[in-house]
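Hi,

Here is the structure I said I would pass on.

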Amino acid sequence: MTPLDGSRPGGRSARIQEAVHTATKELLAATSRDDLTIPAIAARAGVNPTTIYRRWGDLPALLSDVAADRFRQTEPPAETGSLEGDLAAWAEQFREEMASGPGRSYVADVLAGDATGDNAGICSRYAADSVSIIVQRFPAAHAPATDDVLDRVVAPILYRILFTRERPTAGYAAGLVSGLLADSWRVAEKAPTCPGLLAH
């Protein structure tokens, strides 16, 4: 599923997931996290608690699943007319959302209940899909690989949010994008343009 695909597979399983996710989000907004329980979520969702236990196992795993779904982007990244502008706008939005109180909670929840790493992988894929959409808009540009954007833009943002006292401020993400693109352009300019040179 791409970040632009807001739908989920149909059927009873999907309806249950939607109901449980919605109930969990509503209770998180209305009650203390310490008071959140699977029976309370089940009652609000209109399902049996055993259904939740069978599907998610425990509360941390459910919260991880719900938090991972919050990373899903249903609108295409903003278009500014340039590769750097698009990447910087997306990265700054990502920084702002992740550095907020709710954003930090989402990241913590994803990791806390994600024993297999599946939900972290889903979050990474959502980010990668958005970056890929931007890169594909500019086929003639010396665009970096999607993995390079994740390593040099997304990863530093998350590291600062999770492991330093000071959260990254406005302009931090755009600066990371500028540095990455400058390096990509320098490498492209030094690359041989004549195919025959590649043999030497």
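This is a predicted model: local features need pLDDT of at least 70, side-chain atom pairs count only at pLDDT 80 or more; totals for chains, interfaces and linings use all residues.

D69 is buried, at 11% relative accessible area (buried is under 20%, exposed over 50%, partly exposed in between, with a 1.4 Å probe and protein chains only). Its side chain meets that of K25 in a salt bridge, 3.9 Å from N to O (a salt bridge being a side-chain nitrogen of Lys or Arg within 4 Å of a carboxyl oxygen of Asp or Glu). K25 sits in helix α1 (residues 12-30) and D69 in helix α4, so this pair ties together parts that lie 44 residues apart in sequence. Helices here are DSSP runs of H or I, at least four residues, and strands are E runs of at least two, numbered from the N terminus.

Residues are numbered from 1 along each chain as its sequence is written, and side-chain values use heavy atoms, with hydrogens and water left out.

Back to the charges. How many salt bridges does the structure hold? There are eight. In general, side chains of opposite charge can pair when their charged atoms come close.

Another salt bridge links R186 and D183, with the closest N and O atoms 2.1 Å apart. Both are in helix α9, again three residues apart, about one turn of the helix. Here R186 is partly exposed at 44% relative accessibility, and D183 is partly exposed at 25%. Salt bridges with shared partners also join K25, D69 and R72 into one network.

Helix α1 also holds Q17, which is buried at 16% relative accessible area. The Q17 side chain makes a polar contact of 2.6 Å with the side chain of R55 (a polar contact is a pair of N or O atoms within 3.5 Å; within protein, one must be able to donate a hydrogen and the other to accept it, and residues adjacent in sequence count only if both atoms are side-chain atoms).

Now the nonpolar side. The largest nonpolar core has 31 residues, and F71, L87, W90, V153 and I157 touch the most other members (a core is a set of buried Ala, Val, Leu, Ile, Met, Phe, Trp, Tyr and Cys residues joined through side-chain atoms within 4.5 Å). Two or more residues come from each of α4 (59-70), α5 (83-99), α6 (101-112), α7 (118-136), α8 (146-163) and α9 (172-190). Apart from this core lies another, of 16 residues, including A23, I41, A45 and V66.

Which residues does I157 touch, leaving out those up to four places away in sequence? They are A91, F94, R95, P168, Y172, A173 and L176 (contact means heavy atoms within 4.5 Å).

Last one: A89, in helix α5, is partly exposed at 32% relative accessible area. A89 and G175 are 86 residues apart in sequence and 11 Å apart in space, C-alpha to C-alpha.

Cheers
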